[in-house]
Amino acid sequence: MNATKMIKAPIQGANLTVNSKNYAWHRPPQHPEFDMAFRAFVDSFIANPKVLQSGMTLAIGGVPTTTIVSTALINMVRKGKISPDMSLLLAGPAYKVFTRMLDVSGVEYLSGFESQKEFVEFHQKLETEDTPPLKKAPLPKEVKEQAEEILEALPDVPKGGLMGAPSDEDVVEMDLDSGSTNLIEEQEEK
Amino acid sequence: MNNMFTALKKAMYNYNNLDLLTPRKRQAIVSTYSKFANDYTFVENLVGGSEEDENEEE
């Protein structure tokens with residue numbers, strides 16, 4: 001990356017002259033009612049396993065839950081889904097649902113309301129703890145049996161691969177003495 | 001409170017620690033959410049139900 005690009009900041013007063021008409025949060029929000037907004041939050045953050053997993057990873061890593069939920073809500077404001085006032089109304093229920101999900105999954109996390117001492121203790125505990133080795137989850141019996149059956153039923157794979165060059169063993173013998181099989185009729189020389 | 005993050009954090013604290021608030025503040029929060037379908041008790045039971053089901057299975 002170009003070093004000059006990294007330190008290239010907007011000039012003083014750029015925020016006063018920039019065209020900000022198309023910012024999503026300047027338009028009316030997509031979910032103006034609380035129930036709709038709460039449903040949108042649950043659909044996009046709690047019911048989406050990918051997003052929930054990344055949120056849990058942050059919580060396990062020592063990021064306070066209040067920060068995770070605040071970021072999610074401000075992100076919704078940024079995308080124009082909810083208004084900033086709605087994010088304040090949504091904060092409590094969103095925090096409750098997210099922390100319940102963490103409790104159910106047995107994750108240790110920082111709630112964001114701890115004292116400084118508790119915060120330091122949590123991070124010291126994180127540093128001393130070794131990350132558990134990843135264990136391969138064993139396949140269920142039914143799946144294992146099915147996989148074995150499929151393997152047995154498979155025909156033998158030809159040598160050299162399907163697209164490989166034919167091996168010496170499989171040379172097809174052609175009768176070269178037989179007559180021409182060309183479709184174009186040969187013209188007799190006069 | 002001149003910070004959005006601080007305001008959100010305070011909202012989260014008040015909602016999740018109703019017992020620590022004064023009765024008037026507690027009533028204000030409960031009555032605010034009682035207007036909606038997803039009110040305080042609904043949110044309380046939204047994820048809590050799964051724990052009860054697990055206990056029943058055991």
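Visitor: How many helices and strands are there in chain B?
Guide: In this predicted model, local features need pLDDT of at least 70, side-chain atom pairs count only at pLDDT 80 or more, and totals for chains, interfaces and linings use all residues. Residues are numbered from 1 along each chain as its sequence is written, while chains are lettered from A and ligands numbered from 1 in the order in which they are written. Helices (H or I, at least four residues) and strands (E, at least two) are DSSP runs, numbered from the N terminus. Chain B reads α-α-α along its sequence, with three helices and zero strands.

Visitor: Which element gives the largest share of the side of chain B that touches chain A?
Guide: Counting two residues as in contact if their C-beta atoms, placed from the backbone, lie within 7 Å, 20 residues of chain B meet 22 residues of chain A. Two or more residues on that side of chain B come from each of α1 (4–16) and α3 (40–57) of chain B. The largest share, 11 residues, belongs to α1(B).

Visitor: Which residue of chain B is in contact with Leu73(A)?
Guide: Leu73(A) is among the residues with the most contacts inside the largest nonpolar core, which has 26 residues; such a core is a set of buried Ala, Val, Leu, Ile, Met, Phe, Trp, Tyr and Cys residues joined through C-beta atoms within 7 Å, buried meaning that 20 or more other C-beta atoms lie within 10 Å of a residue's own. Leaving aside neighbours within four places in sequence, Leu73(A) is in contact with Ser87(A), Leu90(A), Ala91(A), Ala94(A) and, from chain B, Leu8(B).

Note on methods:
Buried ≥ 20, exposed ≤ 12 C-beta atoms within 10 Å, placed from the backbone.
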